[in-house]
Amino acid sequence: MKTVYIVRHAKSSWEYNGIKDIDRPLKKRGIKDSYLVASALSEKIKKPDVFITSSASRALSTAVIFSNVFGYPLSNLQIKKSLYSFSDGYLVKTIKALDDEFDSAIIFSHDHGINDFVNKYGNVFIPHVPTCGVIAIEFDNNHWKSIKKGKTLFQEAPKNHK
């Protein structure tokens, strides 16, 4: 069995003029939501084997908070520039390229790619993954490269813990 936890980055700020999209930071609400969801998730699941994030500031900051809550070494956090994409193609490639030694992975990425992925690979239609939302999908498979349709285990969102 392989399990992937897909996390949409937390709420980011649009208040800075002239800043590139990739550099947008988290809002205070995004920071609070990240701690809230990471804490709830850490009580629900065991620590994933590998943490991978988009290089965008908002996704990276979300991943750092989750890593700290889970006690995952920041030196092992994998940063993938290719995950700064708004299609599911790079997300699929990232997951299918995972080492089979890992039974679970948590991946921090962006809106449209996540929505497309969870609806293509999960068995529950999810119209929209909110900021700092987490979708867990389990695959009855021993090899990441050959994953197909999996089972959506659960959804988490900040609003469920406020």
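This is a predicted model: local features need pLDDT of at least 70, side-chain atom pairs count only at pLDDT 80 or more; totals for chains, interfaces and linings use all residues.
Residues are numbered from 1 along each chain as its sequence is written, and side-chain values use heavy atoms, with hydrogens and water left out.

Back to our residue. T3 sits in strand β1, residues 2-8; strands (E, at least two residues) and helices (H or I, at least four) are DSSP runs numbered from the N terminus. Is T3 buried or exposed? T3 is buried, because its relative accessible area is 10%, and buried means under 20%, exposed over 50%, and partly exposed in between, using a 1.4 Å probe and protein chains only. Along the chain, T3 and D140 are 137 residues apart, yet their C-alpha atoms are separated by 8.9 Å.

From A105 to Y5 is 100 residues in sequence and 6.2 Å in space, C-alpha to C-alpha.

Let's zoom out. The protein has 4 helices and 6 strands, in the order β-α-β-α-β-α-β-α-β-β along the sequence. Buried residues make up 50% of the 162 residues. Among contacts between residues at least 6 apart in sequence, 73% join residues at least 24 apart.

Finally, the helices. Two packed helices are described by the angle between their axes and the distance between the axes. Here, the axes of α1 (residues 28-44) and α2 (residues 57-70) come within 9 Å and cross at roughly 40°. These axes are lines fitted to C-alpha atoms over the stretch in contact, with angles from 0 to 180 degrees between N-to-C directions. That makes α1 oblique to α2, since angles under 35 degrees count as roughly parallel, over 145 as roughly antiparallel, 65 to 115 as roughly perpendicular and the rest as oblique. Which residues in α1 and α2 meet? Among them are I31, Y35 and L41 in α1, and I65, F66 and F70 in α2.

Terms used: Contact means heavy atoms within 4.5 Å.
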